[in-house]
Amino acid sequence: MTTKRAMANIRALPLTSLETTSLLFDKRVLVKNTSIISFTETHFLRQSIPTSIVRSRTPRRSGSVSYSSVTDKASTLEDGSVGETVCPEVRTLTWNWKGYSIRYQCAGTSGPALVLVHGFGANSDHWRKNTPILGKSYRVYSIDLIGYGYSDKPNPREFGGEPFYTFETWGEQLNDFCLDVVKDEAFFICNSIGGLVGLQAAVSKPEICRGLMLINISLRMLHIKKQPLIGRPFIRSFQNLLRNTPVGKLFFKSIAKPETVRNILSQCYYDSSQVTDELVEAILRPGLEPGAVDVFLEFICYSGGPLPEDLLPLVKCPVLIAWGEKDPWEPIELGRAYGDFDAVEEFVVLPEAGHCPQDEKPEMVNPLIESFVARHSKSSTALAPGI
């Protein structure tokens with residue numbers, strides 16, 4: 001399928017919430033080509049990669065990333081008894097980027113490098129079920145984008161009226177992280193708006209990204225281009241109200257509560273039993289830090305910048321798109337059109353998963369990451385700053 005055809009399909013997507021709802025019931029729209037497959041039909045998962053993962057039920061302390069008791073498949077010891085393969089410890093470190101402190105977590109000491117990029121309002125803890133498992137075979141890094149998690153949150157008003165929390169900023173951060181910390185090319189594994197960050201980084205410095213896996217990428221349905229002309233002045237007025245009056249901070253205060261965060265997560269997770277106290281705290285706690293409210297309001301008022309359909313035609317590396325079929329925020333019926341771009345080698349449907357399959361269904365996502373990386377791994381030359 002050509003990029004031109006893919007763009008035509010994207011332009012045919014609905015622009016209003018009413019049209020979005022009607023699309024869900026139109027089975028004639030967004031016809032899938034043969035590269036889009038269901039998870040259960042994916043031939044490359046029927047290999048020796050383990051799909052059974054057992055995690056310790058021992059709760060970890062808030063802020064801790066010790067996974068010393070996390071295990072996956074059983075292994076046979078020299079005496080013939082069955083033991084467990086222990087995952088590497090996950091370390092928490094900080095990196096100075098342009099004078100700002102950036103938190104990241106890492107695991108593993110060998111193999112290709114993977115950088116895991118979180119979505120809106122999340123942080124590197126959202127990859128807690130992936131980082132230690134993948135660290136057995138790869139050098140894995142999960143990063144807090146500036147403004148999120150436990151990274152610094154500079155006030156957006158300090159930048160002379162120029163937008164700071166943009167995909168260009170985060171894409172630059174991701175590439176500089178690979179140059180300064182990873183010191184190598186990397187595969188970018190991204191969820192939600194993290195997918196736009198990964199795409200932007202891959203387009204800006206294609207020599208760094210070896211491959212992109214986009215998990216339920218944000219389609220940015222609130223982007224100004226996707227709103228009817230008649231409604232755009234109202235949208236801008238509402239954004240100004242949130243950003244420049246006390247209304248915005250009152251709005252943030254109303255949702256920055258455990259019960260509200262739990263309700264929101266229960267909407268985007270198909271299996272609500274996965275919305276645990278640990279998850280709620282991992283999302284909420286950094287959101288209560290100084291500066292978090294300003295970042296939140298800045299981003300929800302950010303209706304410009306690139307769309308996935310703007311960046312996908314420019315990507316030079318292989319792309320795999322995976323989609324939780326039960327995502328209520330980014331419906332799969334809309335996402336299928338993105339499988340038509342030339343760079344996208346496959347579109348994988350993840351059954352009974354919502355918007356964050358990496359956390360809700362790690363037993364599906366971890367093997368999918370491993371198989372994608374294995375297909376595209378080859379010898380690489382470590383990067384030096386400035387390359």
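**Exercise 1.** In which sense do strand 10 and strand 11 pair, and over how many bridges?

*Ground rules.* This is a predicted model: local features need pLDDT of at least 70, side-chain atom pairs count only at pLDDT 80 or more, and totals for chains, interfaces and linings use all residues. Residues are numbered from 1 along each chain as its sequence is written, and side-chain values use heavy atoms, without hydrogens and water.

*Solution.* 
- Step 1. Locate strand 11 at residues 344-350. Strands (E, at least two residues) and helices (H or I, at least four) are DSSP runs, numbered from the N terminus.
- Step 2. Apply the pairing rule: DSSP must find at least two bridges between the strands.
- Step 3. Trp323 stands opposite Val349 in strand 11.

**Exercise 2.** Find which residues of strand 10 are buried on each face.

*Solution.* 
- Step 1. Set the cut-offs: buried is under 20% relative accessible area, exposed over 50%, partly exposed in between (1.4 Å probe, protein chains only).
- Step 2. Recall that side chains in a regular strand alternate between the two faces of the sheet.
- Step 3. Assign one side: Val319, Ile321 and Trp323, all buried.

**Exercise 3.** Which parts does the pair of Tyr148 and Trp170 tie together?

*Solution.* 
- Step 1. Classify the pair: ring centres of Phe, Tyr and Trp (its six-membered ring) must lie within 6.5 Å; planes under 30 degrees apart are stacked, over 60 edge-to-face, the rest tilted.
- Step 2. Tyr148 and Trp170 are tilted, at 5.8 Å and 45 degrees.
- Step 3. Tyr148 lies in the loop between strand 7 and helix 4, and Trp170 in helix 4, so the pair links parts 22 residues apart in sequence.
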